[in-house]
Amino acid sequence: MAYGFDTLQIHAGARPDPATGARQTPIYQSTAYVFRDADHAAALFNLQEVGYIYSRLTNPTVAVLQERIATLEGGQGAVCCSSGHAAQIMALFPLMSPGKNVVASTRLYGGTITQFSQTIKRFGWSAKFVDFDDLDAVEAAIDDDTRAVFCEAVANPGGYITDLDAISAISDKAGIPLIVDNTSATPYLCRPIEHGATLVVHSTTKYLTGNGTVTGGCVVDSGNFDWSASDKFPSLSQPEPAYHGLKFHETFGPLAFTFHGIAIGLRDLGMTMNPQAAHYTLMGIETLSLRMDRHVENALKVAGWLEKDDRVSAVTYAGLESSPYHDRVAKICPKGAGGLFTFSLKAGYEACVKFVDAVEIFSHVANLGDTRSLVIHSASTTHRQLTEEQQKAAGAGPDVVRVSIGIEDADDLIADLDQALTKACG
Ligand SMILES: *Cc1c(COP(=O)(O)O)cnc(C)c1O
């Protein structure tokens, strides 16, 4: 029987603790696990039997979260990691090698643009940034050395929705996996695998945990990609020298990517999620659908109010009728465009700085996806090092404020924005 989302967000992956009957998933605060005997230990190390060895690789609390997220995304398996940025490296790692590139959307979380344009160069990898609304440009950017296509479903800082069906048609034709960062939408609002994504990555720090307590990340594998169809993915299709010549795809089929992520990715990169973090995220996920419905409802009300205010020059929420991406909401994220968007103040940079100091319910922080409403003026904070041109290209011009709308009373949020706008704009 196929359960609904609300049931799965509470039950998938979990069962009463076999040792104690504990109904809630215990925090297995243990580094290592006793082998039954030497044969059992050998079978575990040979990946002939699935079990627990050492918590850098696998932990029972983290395993419940992995299964929960994989189920909600409609994937075959998942690997949790220490942060969203760790998840992005873990997703690329089995695919890339020196000289290979990823074709990435220009509309990405600022930290991802930095990770892709600077840090991955140290591994000999590179990124080619393209406007994902220009499908010809995406196709043209894919070359013989491309090993992944990367975008966000609902892009941070908000207001942009990727046409995942059109992008996956291009990556499919090229025989390249599509990686979708589904952090801003969550599997409740968008299911990228149903639109052709090969892998889905998350910063579980945000809506999945939902309460601003822990950082974490996750890579979900659809299990749909044929790693052996070309010679482009030797870590998965050929004997893997880092695991005594094991052929992951041949051995594990649709779980090849997940097993590789644990047996090699976590083993050697060590970007492991700890069981405490998994616990907080499991607590959060139980109410994901309820929170996302309220985030969307509130974001629509607040964005609609801002759009009519004459101190505001633009609002970029894709849920608004006025958004150029409004039609894609119905197709890509039919339950709503999330809780994240930007708006611009006619009075410019100085007014934005005064505005973030004047809000009372909203918190001025570099985070999103909390139950609390959050605000940031990117040009004076996260995007401070960029030129004005670069800021504008990233949707973070000097007059732009980003909000992550929480689940408080919408009327209180509107009243808070109103009083702060009065202080900032006179
Ligand atoms: C926050 C975020 C990340 C990075 O996640 P961390 O958990 O902070 O490492 C990646 N992508 C998006 C869309 C994000 O919002």
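Guide: Helix 3, residues 60-73, gives the largest share of the lining of the largest cavity, 3 residues (a helix here is a DSSP run of H or I with at least four residues, numbered from the N terminus). This is a predicted model, where local features need pLDDT of at least 70 and side-chain atom pairs 80 or more, while totals for chains, interfaces and linings use all residues. Residues are numbered from 1 along each chain as its sequence is written, and side-chain values use heavy atoms, leaving out hydrogens and water.

Walking around the largest cavity, you meet Ser55, Arg56, Leu57, Thr58, Asn59, Val62, Ala63, Gln66, Cys80, Leu266, Thr272 and Met273 (lining residues have an atom within 4 Å of a point of the cavity, a set of points on a 1 Å grid where a 1.4 Å probe fits but cannot get out). They divide into 6 nonpolar, 5 polar and 1 charged residues; Asp, Glu, Lys and Arg count as charged, and Gly as polar. The space inside is about 60 Å³, a volume filled by probe spheres set on the points.

The structure has 2 cavities of 30 Å³ or more.

Phe257 leads us onward: ring pairs link Phe257 with Phe225, Trp227 and Phe233 into a cluster (rings pair if their centres lie within 6.5 Å). Across the whole structure, a search finds 15 aromatic pairs.

Notes. On a 1 Å grid over the protein atoms alone, a cavity is a set of points where a 1.4 Å probe fits but cannot get out, and a pocket is an open set with protein on both sides within 12 Å along at least five of seven lines; lining residues have an atom within 4 Å of a point. Helices (H or I, at least four residues) and strands (E, at least two) are DSSP runs, numbered from the N terminus. Rings of Phe, Tyr and Trp (its six-membered ring) pair if their centres lie within 6.5 Å; planes under 30 degrees apart count as stacked, over 60 as edge-to-face and the rest as tilted.
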